[in-house]
Amino acid sequence: MDLRIWLVLFLTISILLMTAPPSPREPEIPPGFSVLQTRHLTVIYEAQFTKQKALYFAEGMEAAYQRLVIKQGFRSGARRFWLQGFPTSENPEHLRTVATHEFFHSVQLSYSLKLADRFLIEGTATWAMREVYPECVECYIEAFEDWLIGGTDASTLQHLGLGHHAGLFWNFISDHYGGAQLIRRLFEHPDIRLGVDWPKGLSALTGKPFLDLWAEFAAALAARRAPDAQWLYPRAEQKTPYVPVPVFVGEWTGQPLTIEQSNWENPYPQLCSEKRGGACPSKTSILSVGSNLAIRYPYGIHFLRITPKSTAPLALHVEVEKEHTSNFRIYLVARRASGAYEISPLKGECVLSKPMEYTLLQVVLTRGLEVPGKYQLRLQESQTPDSSLCRRG
Ligand SMILES: [Zn+2]
C-alpha cells in the first residue's frame, strides 16, 4: 500500500508536501505530475509547482539527506516526496531551506517522537534548516524574533501555536551541548522510545537539570548571546524598543524600591497577530501592566530592566516563596559601558558596590512546573559597600 503522509509546509509557501516510505512497487505517476531524481531521493511534482521550483526544492532535500543522514547518522525517513500546489516563494535559497525543514519532518517520523509536541517537532525541523544552510540566516530566523519581542512570557513548552520559534532554543542547545549528534542521540534515547517527555532525555544527555539548561538559554537571550544574535536583535528592535521585552522598566536612584507589579506593555499578542493572524497568545495570557509579578506558565521567562542612575551601592534581592525557591532560576545580566555583558546567578541578595560601572542591569527569571510563580524584586542601598556577593558566571 502506498502510504502517504501530508505535512503542511513551513512559513509562507502554501503548498502541501506528501512523503511516502519506500515501497517495493513503484506507484504510477498520475497525469499532471513529473519526476525528478536526485542522488538519493525521488521528487514527484505537480505541474503547477513548476520544474524550476521543484529543482530548488529537490536540491534542498538532497543537501539535507547528505548532511543529516549520511554525515550525522539520522535515520533516512522518506526517500520519495510529492510536491503539490503553488509555492509563493521565488527565492531559491528560501525554497532549499524550507525543503530541509520538510525533509527533517520525514526523518522525525522514523523515530518514536511525540508528533503533537510542536516545540520538539517544529523546533528541531527549524534547527535542521540552519544545520544544512547556516549561511542563509534570513531563511530561518523569521520565527525566532518571537522570543525577543515578548513571546518569552507565554512561551511554555506546551504552547501549541509557537512551534517554529523553538528552533532558537534547539540552535542554542546544539551550539553548546554537542551539535547535531546531541539532537540525534535525543531522538534515539531509550526514554524517548518509552514515551518519556524529551526534557528528561535532554537532561540525561547533558547531565544538567532541564531547568538549568532553560535558564542558561534565558540568560543568553538577555545577554545577546542567542545564536545568530547579530541578525536577530536588530530585526526585533525595529518592532519594539527593549529587547528582549521586559515586564518592568525602572531605575536605581539610590532610594529603596520594591517592585511588585509589571509596568511594561508586552507587544507580542498584537505583533504576532499582525504577522501571522491565528496561533498567537491572547492578551490575557501575557502579564499586563499593573499585574502582580508572577511567571504564570512553566518555563515562562521574565526580564526586568534597571538602569543605574546612582553611585549608591546597590543591593538587589529577589524574593520568592521559600518552599518554591528550587522552582526558580534567577540570573543577573549586567552590561558594561563597553557593551560587554556579565552573567551571574542571583541567589538571595546581590550587591553591586559600583552600580554606575554598568549601563544596564537585567534580572532574568524562569521557573519550572510548580505554582505559583510569584516573586518580588527589592532594590536598596547596601550596608556592605565593599563586598560583591554576585558570583560571576
Ligand atoms: Zn514544520
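Two strands count as paired if DSSP finds at least two bridges between them. Keep that in mind as we look at a sheet and then at a pair of helices in this predicted model.

**The sheet**

In general, strands of a sheet pair through backbone hydrogen bonds, and they can do so in a parallel or an antiparallel way. Here, 5 strands form an open sheet with mixed pairing, arranged in the order 6-8-13-10-11. Which strands lie at the edges? They are strand 6 and strand 11, and each of them pairs on one side only. From one strand to the next, the twist averages 20°.

Let's look at one pairing in detail. Strand 10 and strand 11 run antiparallel and are joined by 5 bridges. Across this pairing, Val 333 stands opposite Ile 343 in strand 11.

| Strand 6 | 248-252 |
| Strand 11 | 341-345 |

**The helix pair**

Now turn to helix 7 (residues 179-188) and helix 9 (residues 198-206), whose axes come within 10 Å and cross at roughly 125°.

Which residues meet here? Helix 7 brings Leu 182, Arg 185 and Leu 186, while helix 9 brings Trp 198, Gly 201, Leu 202 and Leu 205. Sorted by class, this contact has 5 nonpolar residues, 1 polar and 1 charged.

Conventions. Residues numbered from 1 in each chain as written. Predicted model: local features only at pLDDT ≥ 70, side-chain atom pairs only at ≥ 80, totals over all residues. Axes fitted to C-alpha atoms, helices over the stretch in contact; angles between N-to-C directions. Helix = DSSP H or I, 4+ residues; strand = E, 2+ residues; numbered from the N terminus. Contact = placed C-beta atoms within 7 Å. Nonpolar A, V, L, I, M, F, W, Y, C, P; charged D, E, K, R; others polar.
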